[in-house]
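Morning, everyone. Please have the structure open.

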Amino acid sequence: MHKHIRPQPGIMDIALYRGGSSKIAGRDDVVKLSSNENPFGAGDLARQAYARAGHDLHRYPPTDHANLRAALAGHFGLDATRIICGAGSDEIISFLCQAYAGPGDEVLYSQHGFLMYRISALAAGATPVVAAERDRTTDVDALLAAVSERTRLVFIANPNNPTGTMIPLEDVARLAKGLPKQALLVLDGAYAEYAEGYDGGAALVDTRQNVVMTRTFSKLFGLGGLRVGWGYGPQHVIDVLNRVRGPFNLSNVQLDVAEAALGDAAHIARSLSENARLRDWLAEKLNALGVATDLSLANFVLARFRDAEQAAACNAALMAEGLIVRQVESYGLPHALRITVGDESACRRVAHVIGAFMETQR
Ligand SMILES: *Cc1c(COP(=O)(O)O)cnc(C)c1O
């Protein structure tokens with residue numbers, strides 16, 4: 001750090017976020033299963049919209065995102081006036097911390113929660129606070145026990161990354177109800193679409209003044225590289241976040257392609273059904289090989305090994321075969337590997353390599 005020119009307190013405590021790796025030196029046949037991306041990529045309608053968007057690159061985008069908000073409202077049955085769009089849901093998380101948490105305030109999240117909660121809290125000068133989980137699952141009682149008069153934001157991802165587990169809506173509602181008056185609950189629904197019958201907490205947002213939901217186009221919709229996410233909240237929160245948001249935070253390309261992706265029912269249906277089928281197949285295979293997993297409601301499975309050493313050795317075995325998965329020691333899970341559900345051939349390769357690896361461990 002420079003002797004005199006110094007950043008705000010907290011900034012230098014931020015450990016840089018490391019995305020899932022995508023390369024292995026000397027190999028061109030790698031399969032990337034480290035960032036929970038849709039193995040089928042973006043759908044045809046999104047790709048076509050992307051090509052069309054090239055004609056308007058000289059035009060400034062709209063500042064109100066009206067078309068995308070209307071499309072989201074129609075698709076998910078929400079009130080368009082209470083939707084805000086951002087450059088990934090990461091940007092919505094960052095707006096929330098910037099707007100509601102500062103020095104002396106606490107931002108609470110669960111033990112194996114998404115790394116961006118801590119990063120955004122520190123960037124805002126706030127103090128991150130961690131509540132324990134029970135069996136790698138969000139523990140509402142532990143969260144409620146960890147709140148204080150300084151708690152301003154509480155983040156939970158449901159289903160959670162990197163565990164894949166989720167808690168029922170009754171528990172989420174109990175958490176919202178039990179929070180102190182000044183605290184806002186943020187329901188990160190990055191994987192909500194994968195959990196059948198789950199609305200991400202949208203109905204809860206509609207009935208409460210202290211709940212916000214964040215969602216993304218990066219996972220199911222296959223647009224991680226495009227950077228589009230959104231939030232849904234009470235009017236008073238959306239009014240605040242819109243003041244923090246830059247007027248041109250999303251480009252025409254982002255807006256148009258995201259809207260097209262939302263209308264691609266065939267791609268959505270195929271992505272969902274293949275994910276459910278292959279996720280359950282992979283989890284069963286791993287369990288049969290002696291590798292434990294929790295029931296995942298997302299597009300990845302968390303494979304647990306005997307210890308950190310065995311997890312690292314299995315990771316090396318996968319790498320040697322061109323398969324890149326995610327080591328999750330930064331999430332407090334050094335004995336586990338998070339494996340994105342790929343297409344059928346990728347899942348078979350993963351099961352095969354882990355099977356051979358486990359043979360060497362007897
Ligand atoms: C992937 C992910 C996000 C989405 O991030 P984007 O910025 O929308 O790409 C948000 N929360 C969790 C828990 C995630 O795993």
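Start with α3 and α4, which are oblique to each other. Keep in mind that this is a predicted model. The two helices cover residues 89-100 and residues 115-123. Their axes come within 9 Å and cross at roughly 40 degrees. The crossing of α3 and α4 is right-handed.

Who touches whom? On the α3 side, look for D90, I93, S94 and C97. On the α4 side, find M116, Y117, S120 and A121. By class, the contact of α3 with α4 has 5 nonpolar residues, 2 polar and 1 charged.

Next pair: α11 and α12. Helix α11 takes in residues 308-320. Helix α12 runs over 344-359. How do the two axes cross? They come within 10 Å, at roughly 130 degrees. That makes α11 oblique to α12. This crossing, too, is right-handed.

From α11, the contact uses Q310, A313, C314, A317 and L318. They meet V350, V353, I354, F357 and M358 in α12. The contact of α11 with α12 counts 9 nonpolar residues, 1 polar and no charged ones.

A quick reminder on spacing. An α-helix has 3.6 residues a turn, so residues three or four places apart point the same way.

Now α10, residues 265-288. It has 24 residues. From first C-alpha to last, α10 reaches 35 Å, close to the expected 34 Å. Which residues of α10 are buried? They are H267, I268, S271, N275, L278, R279, L282, A283 and L286. Note that R279 is on that list.

What covers them? Among the elements over the buried residues of α10 are the helices α2 (66-76), α9 (252-262) and α12. Strands β9 (292-293), β10 (300-304) and β13 (333-340) are included as well. Just after α10 comes G290, with a positive phi of about 90 degrees.

Last stop: N160. Find it in the loop between β5 (151-157) and α6 (169-178). Is N160 buried or exposed? Its relative accessibility is 1%, so N160 counts as buried. The cut-off for buried is under 20%.

What is N160 in contact with, leaving aside neighbours within four places in sequence? The partners are H112, G113, F114, E133, T165 and F300. One distance to finish. The C-alpha atoms of N160 and L33 are separated by 17 Å, and the two residues are 127 apart along the chain.

Conventions. Residues are numbered from 1 along each chain as its sequence is written. This is a predicted model: local features need pLDDT of at least 70, side-chain atom pairs count only at pLDDT 80 or more; totals for chains, interfaces and linings use all residues. Side-chain values use heavy atoms; hydrogens and water are left out. Helices (H or I, at least four residues) and strands (E, at least two) are DSSP runs, numbered from the N terminus. The expected span of a helix is 1.5 Å times one less than its number of residues. Buried means under 20% relative accessible area, exposed over 50%, partly exposed in between (1.4 Å probe, protein chains only). Contact means heavy atoms within 4.5 Å. Axes are lines fitted to C-alpha atoms, for helices over the stretch in contact, and angles run from 0 to 180 degrees between N-to-C directions. Angles under 35 degrees count as roughly parallel, over 145 as roughly antiparallel, 65 to 115 as roughly perpendicular and the rest as oblique. A crossing is left-handed if the near helix is turned anticlockwise from the far one by less than a right angle, and right-handed if clockwise. Ala, Val, Leu, Ile, Met, Phe, Trp, Tyr, Cys and Pro count as nonpolar, Asp, Glu, Lys and Arg as charged, and the others, Gly among them, as polar.
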